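Here are my notes for your review. Please read them alongside the coordinates.

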Amino acid sequence: METDRHQRRLSGRARCLAAGLVWTLLLVLRMHAQTGAQPAALPVNDDSVGLIKLRDDSVDQVLELLERWTGKTILRPQALPANTYTLTLDHAVKKDEAVLALETLLNMNGVAVSPLGSRFLKITSLNLARAEAPEFIDGPLNGLPPSGRVASKLFHLQFLRVSEFLPQIAGILNPNLGAAPVLFEKSNSALITDSISNLQRIETLLARLDQPILTNNAPKFYPLRSAKASDVVNKLRAILSGPLQMQLGATTSYQADDRTNQIVLISDPRQTALFDQLIARFDVKADPNTRNEVIFLKHAAAKDVATLLSQLVSGQNNAAHAAGQDSSRPSPAATNANLPAGPVPGNLLPASRSLDAPASREFSNLLTILPEVRSNSIVVSGTVDDIRLIRDLVNQIDVLLAQVRIEVVIAEVTLGDSQTSGIDALGLQVFSNRLIGIAGSGSGTTVGGIDPSGKPTGFASVAGSGSLAGIISLATTPRKTSANILSMPNIVTTHNKKATIFVGEQRPVISSYLNDSATTGGALGTGYRSTVTSKDIGIDLEVTPLIGDDGSVQLEIKQEVNDVTGNITLDGNEQPIIGRRQTESFVSVKSGEIIVLGGLQRNSRTKNTNRLGPLPIIGDLFGTRKRENVRTELVFFLRPVVLANTSADNAEAMRRIDAGPQRDEIRSALDPHYRPPGRKPRD
């Protein structure tokens, strides 16, 4: 085997020598044909080789040439990639260049050449070169000629992150090496094994890219004399937003330092001229951008409006502060200095804003709102935008609320043994707490009802046009012995404003006793002293309406009935026993519909005897004794009518006045121009 190998080497050398001799002979013959001179001997140069042509030769022949040109011994394994090699050197080159060509040719065919000391070259497969301790280069690679020789180098990065840089160069590394670079993240370094030419490319990239980002940037400080630093920075950000911010560059930064009232700019020196001009224009002395204005209210209460607006301003400023923003707007520009003091006319508001900025929708931290109860107005102190925003809010808040007139009829119905409620006793037809009909007297027929869609018809459709007291009288007239109308008040209230009705009396009730019979300072007290308070005994009705835009009315109704059910003696004083009945309801009706509420029943027991009744036997001879259990129920009728603020709201009241005996006197008092019918006007 060794003999075959030696023979192959000799045959390869013979072919190389033969090829060289043939090429030399041809060159000499050509020169001789041109000059007609005799052939001369070529100079011998041991540092150059040439006229080499490899055509589909084996790796052994290539390694033999490498061994001859380098003068080093080749150390190789038995198995190497079985590829054929082709190389043409048609002119003389230096041995170093020829060696680089062979090393690159071997690298391209999966064979790595690694120096081993000064006398040996280790030949391995390319995918094993990393583990076979390739040449480690410590220092710059620019002085080495590019080649395919495999080597290792430790790259240390100064500014780039090695974990971010390695994935970006993965595409230029030799994939046949079989392993990724070794990463040393703590030292921000990487050990890369590859060909000399690839390592040189990586070194060139790092020389260009591993630079500080702020290489061309420089800081500059702008101390301000008149304006506030954070205000100027906010204005700069508003101006330099959008496309202008992209032109400034990603590394340009400007921040405010309110502690020293200066702006810190980090930017390319070529851009500082722009900031010099902008900051110089903003840092000017200007009058305070605060105004005082009194806003008079027409319908709302000044105290309520001031409280609401103060809570709104405080909430917005707190939200902006929690979000890390400054809710205060910049100080006024010089264009605001010539505005007049006091209330600002509407036509001056747009002119007071500089740089054509849109109207602000935020309140400044200079805003103050105080109520002036005597004139029912609010006093506003703040910037021009503050006053504009407050005035807009006041115009929406200070509106006339819808009003409703609620007619109330309270009836007490005595229930028979077969009757369960006052509504049944009166023969009323009620649907969803609404009165829709009255049973006819005698025949048992009904007037009114509801259609299949649930809409009231008949009686209920015309019930809103007449007097509620007259309608209820129609229901109670056939049953005069069982119903009694206690009260028929009318109340007028506004949207979400509580109205109250009380029908009854006040009685004195002893609430506490004080024993002063002890001796104090030699004087003896008189005994007990009583504290007397008044207690409402009667019917208490509270109604809170919510009026809708479509004429609907939602009523929150609270009913409370207190009456005396008996007496009790406490410490020698007779005190009333007060019975209490209370309900709460929430109903929705249309304007003019009648609401019926019942259920407040009471049982009372009575005992009647003649004058001799208490005497035994004699009382039975001359008279009888009678015990009765009477059930009564309070029925409330309510009819809300939404007022339209026209003369139609008083039509029912004027009709009652015209039906009364003092029509002319009341009419004359209400209208000085009124003339009674049949009386000629005075000249």
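In which sense do S6 and strand S7 pair, and over how many bridges?

1. This is a predicted model. S6 and S7 (residues 120–125) run antiparallel and share six bridges. Within that pairing, valine 113 has isoleucine 123 in S7 as its bridge partner.

2. The pair belongs to an open sheet of three strands, ordered S3-S7-S6, with mixed pairing. S3 (73–75) and S6 (111–116) are the edge strands, each pairing on one side only. Twist from one strand to the next averages 30 degrees. Helix H2 (residues 59–70) packs on this sheet and touches S3, S6 and S7. The direction of H2 makes about 140 degrees with that of S3.

3. The surface carries a nonpolar patch formed by Phe136, Leu154, Val182 and Phe184. Together they have about 350 Å² of accessible area. Leucine 154 sits in strand S9 (residues 150–156). Its relative accessible area is 42%, so leucine 154 is partly exposed.

4. The salt bridge count is 10. One of them joins glutamate 407 to arginine 639, with the closest N and O atoms 2.8 Å apart. This pair links strand S18 (residues 403–415) with strand S32 (residues 626–642), 232 residues apart in the chain. Glutamate 407 is buried at 5% relative accessible area, and arginine 639 is buried at 1%.

5. Another salt bridge pairs arginine 580 with glutamate 560, closest N and O atoms 3.0 Å apart. Arginine 580 lies in strand S30 (residues 573–590) and glutamate 560 in strand S29 (residues 552–570). Arginine 580 is exposed at 56%, whereas glutamate 560 counts as buried because its 19% falls under the 20% cut-off.

Definitions and conventions: Residues are numbered from 1 along each chain as its sequence is written. This is a predicted model: local features need pLDDT of at least 70, side-chain atom pairs count only at pLDDT 80 or more; totals for chains, interfaces and linings use all residues. Side-chain values use heavy atoms; hydrogens and water are left out. Two strands pair if DSSP finds at least two bridges between them. Helices (H or I, at least four residues) and strands (E, at least two) are DSSP runs, numbered from the N terminus. Axes are lines fitted to C-alpha atoms, for helices over the stretch in contact, and angles run from 0 to 180 degrees between N-to-C directions. Contact means heavy atoms within 4.5 Å. Patches are made of residues with over 30% relative accessible area and no salt bridge: like charges are joined within 9 Å, nonpolar side chains (Val, Leu, Ile, Met, Phe, Trp, Tyr) within 5 Å. Accessible areas come from the Shrake-Rupley method with a 1.4 Å probe; for residues, only the protein chains shown count as cover. A salt bridge is a side-chain nitrogen of Lys or Arg within 4 Å of a carboxyl oxygen of Asp or Glu. Buried means under 20% relative accessible area, exposed over 50%, partly exposed in between (1.4 Å probe, protein chains only).
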